[in-house]
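I opened the model to look up some loop residues, then the fold and its core. My entries follow in the order in which I made them.

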Amino acid sequence: MNATDLTGTYTYRSFHNRPEIVDDFNKLWFAQAELRLAVDSAGAISGELVFPAEPGTEPQSMYITGKVSNSSPVTFTLTGKGQPDTSIADYHYEYDGIVLRHWETGVNQRMTLAGTVLRAKDHGSGTAVAPAGKTASFLAVKRDA
């Protein structure tokens, strides 16, 4: 696998790491977005994580930078920071992940990234502060070109 194979658009979902059984899968939901990655031949990653928006409104997004390894399994690190002058400008998240195994006998399998995300810095204000240190698990499933 080449590092550039990670280039593409993914459906990103992250989940609270709750150990108990839940009666509603929505209780696990942390975030859902579109992850757009561009990876060069040296393994440098750039892109953005774009959050859903109401029709007619501009979506919020974080700039993504990072690095992919050429190890087996393929690993990567990402940093996501909110775009300046937006309501999420103070967002800062760190990601550590792997490319999940491609099964030779798998049917309709898609490239999937998996890992852990860390809220690296507080964001928000007043009673709505989201404190640093929160972790979640994530999956990102590659879409068709």
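I first looked up Asn70, which counts as exposed at 79% relative accessibility (buried means under 20% relative accessible area, exposed over 50%, partly exposed in between, with a 1.4 Å probe and protein chains only). I placed Asn70 in the loop between E4 and E5, where helices (H or I, at least four residues) and strands (E, at least two) are DSSP runs numbered from the N terminus. I then took the C-alpha to C-alpha distance from Asn70 to Glu58: the two are 36 Å apart in space and 12 residues apart in sequence.

I note the conventions here: this is a predicted model, local features need pLDDT of at least 70, side-chain atom pairs count only at pLDDT 80 or more, and totals for chains, interfaces and linings use all residues. Residues are numbered from 1 along each chain as its sequence is written, and side-chain values use heavy atoms, with hydrogens and water left out.

**Backbone entries**

I recalled that most residues other than glycine have a negative phi, and that most peptide bonds are trans. I found a cis peptide bond between Ser72 and Pro73, with omega about 5°. Pro73 is in the loop between E4 and E5.

I then listed positive phi values. Asp85, not a glycine, has a phi of about 60°; it sits in the loop between E5 and E6 and is exposed, with a relative accessible area of 83%. Asn108 also has a positive phi, near 55°. I located Asn108 in the loop between E6 and E7, and it is exposed at 74% relative accessible area.

**Fold entries**

I counted zero helices and eight strands, in the order β-β-β-β-β-β-β-β along the sequence. The radius of gyration is 16 Å, close to the 15 Å that the globule rule gives for 145 residues, so the chain is as compact as a globular protein of that length. That radius is taken over C-alpha atoms, and the rule is 2.2 Å times the number of residues to the power 0.38. Along the principal axes, the C-alpha atoms fill a box of roughly 50 × 40 × 30 Å.

I recorded that 34% of the 145 residues are buried. Of the contacts (heavy atoms within 4.5 Å) with a separation of 6 or more, 45% join residues 24 or more positions apart.

**Core entries**

Which residues have the most contacts inside the largest nonpolar core? I found Tyr12, Leu35, Leu49, Tyr95 and Leu113, in a core of 28 residues. Such a core is a set of buried Ala, Val, Leu, Ile, Met, Phe, Trp, Tyr and Cys residues joined through side-chain atoms within 4.5 Å. Strands E1 (8-16), E2 (29-39), E3 (44-50), E4 (61-68), E5 (75-82), E6 (92-99), E7 (112-119) and E8 (135-142) each supply at least two residues of this core. E2 gives the most, with six residues.

Is Ser14 buried or exposed? Ser14 counts as buried, at 0% relative accessibility, and its place is in strand E1. With the same exclusion of residues up to four places away, Ser14 touches, among others, Trp29, Phe30, Val117 and Phe138.
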